[in-house]
Amino acid sequence: EGVELCLQQLTMADAEDPRETFIYQMAKNGKGLEHFQNVVLVSSYQDQYAPFDSARIEISAKAEGDPAGQVYVEMAKNLLKPIAIDRLYRFDVNFKIPEQNLDTFIGRAAHIQFLECQPLMKMFIHTYSSLFR
């Protein structure tokens, strides 16, 4: 039941009104990200599991113009409000995924690469070491 509840919360399916979901309430509270010295958001257009704008906590023109997107706009603004702009970093990643299989077709391969790609981790640690001190 714990995994099911977690998935419901992550997909904002734990309440009929999106503003009553656990994730929305966390964003509304706006507490958390301001406790970090730096906030680093990493995204990839290849990742079909985490929408690009969402992974970057960016507000797209599409979301702003869509009444259903207003919930996302509110969440993004609340999450970013306490963070100084000079502490926020956004990185776009393009993975080289040579094999073509179901995971690459559905965008899962890129999603998993964020966790499994050691060269990416090493590059971040060496190139941007100041972000992790």
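This is a selection-by-selection tour of a predicted model.

**Whole chain**

Start with everything shown as a cartoon. The protein has eight helices and two strands. Reading from the N terminus, the order is α-α-β-α-α-α-β-α-α-α. The C-alpha atoms fill a box of roughly 40 × 40 × 35 Å along the principal axes. Of the 133 residues, 28% count as buried. Now consider contacts between residues at least 6 apart in sequence: 58% of them join residues at least 24 apart.

Select Val3, Leu7 and Leu10. These three form a nonpolar patch on the surface, with about 330 Å² of accessible area together. Valine 3 sits in helix 1. Is valine 3 buried or exposed? Valine 3 is exposed, at 62% relative accessible area.

Move on to methionine 12. This residue is in the loop between helix 1 (2–10) and helix 2 (22–29). Check its backbone: phi is positive, about 55 degrees, although methionine 12 is not a glycine. Most residues other than glycine have a negative phi. Methionine 12 is partly exposed, with a relative accessible area of 25%.

Stay in the loop and pick arginine 19. Its side chain meets that of glutamate 74 in a salt bridge, 2.7 Å from N to O. Arginine 19 lies in the loop between helix 1 and helix 2, while glutamate 74 belongs to helix 5 (residues 70–80). The two are 55 residues apart, so this pair links distant parts of the chain. Both ends are partly exposed: arginine 19 at 32%, glutamate 74 at 25%.

**The charged network around glutamate 58**

How many salt bridges does the whole structure hold? A search finds four. Select Arg56, Glu58, Arg90 and Asp92. Salt bridges that share partners join these residues into one network.

- Arginine 56 to glutamate 58: the closest N and O atoms are 2.9 Å apart.
- Arginine 90 to glutamate 58: the closest N and O atoms are 3.9 Å apart.

Arginine 90 is in strand 2 (residues 88–92), and glutamate 58 is in the loop between helix 3 and helix 4. That pair spans 32 residues and links distant parts of the chain. Now colour by accessibility. Arginine 56 counts as buried, at 10%. The cut-off for buried is under 20%. Glutamate 58 is partly exposed at 24%, and arginine 90 is partly exposed at 29%.

**Isoleucine 57**

Select isoleucine 57. Its place is the loop between helix 3 (52–55) and helix 4 (61–65). Its phi is positive too, about 50 degrees, although isoleucine 57 is not a glycine. Isoleucine 57 counts as buried, at 11% relative accessibility.

**The cores**

Show side chains for Phe91, Val93, Phe95, Ala110, Phe114, Cys117, Leu120, Phe124 and Leu131. These nine residues make up the largest nonpolar core. A second, separate core has six residues, including Val39, Leu41, Ile57 and Ile83. In soluble globular proteins, nonpolar side chains tend to be buried together.

Centre on valine 93. What is valine 93 in contact with, leaving aside neighbours within four places in sequence? The list is Val42, Ser43, Ser44, Gln46, Phe114 and Leu120.

**Aromatic rings**

Finish with the rings. A pair of aromatic rings is described by the distance of the centres and the angle of the planes. The count here is four aromatic pairs.

Select tyrosine 45 and phenylalanine 52. Their rings are stacked, 3.8 Å centre to centre with 10 degrees between the planes. Tyrosine 45 is exposed at 63% relative accessibility, whereas phenylalanine 52 is buried at 12%.

Next, take phenylalanine 124 and tyrosine 128. The ring centres are 5.9 Å apart and the planes meet at 45 degrees, so this pair is tilted. Phenylalanine 124 is buried, at 8%. Tyrosine 128 is partly exposed, at 29%.

Definitions and conventions:
Residues numbered from 1 in each chain as written. Predicted model: local features only at pLDDT ≥ 70, side-chain atom pairs only at ≥ 80, totals over all residues. Heavy atoms only, no water. Core = buried A, V, L, I, M, F, W, Y, C linked by side-chain atoms within 4.5 Å. Buried < 20%, exposed > 50% of the residue type's maximum accessible area, 1.4 Å probe, protein only. Contact = heavy atoms within 4.5 Å. Helix = DSSP H or I, 4+ residues; strand = E, 2+ residues; numbered from the N terminus. Patch = residues over 30% accessible without salt bridge, like charges linked within 9 Å, V, L, I, M, F, W, Y side chains within 5 Å. Areas by Shrake-Rupley, 256 points an atom, 1.4 Å probe, with all protein chains shown as cover. Phe/Tyr/Trp six-rings, centres within 6.5 Å; stacked < 30°, edge-to-face > 60°.
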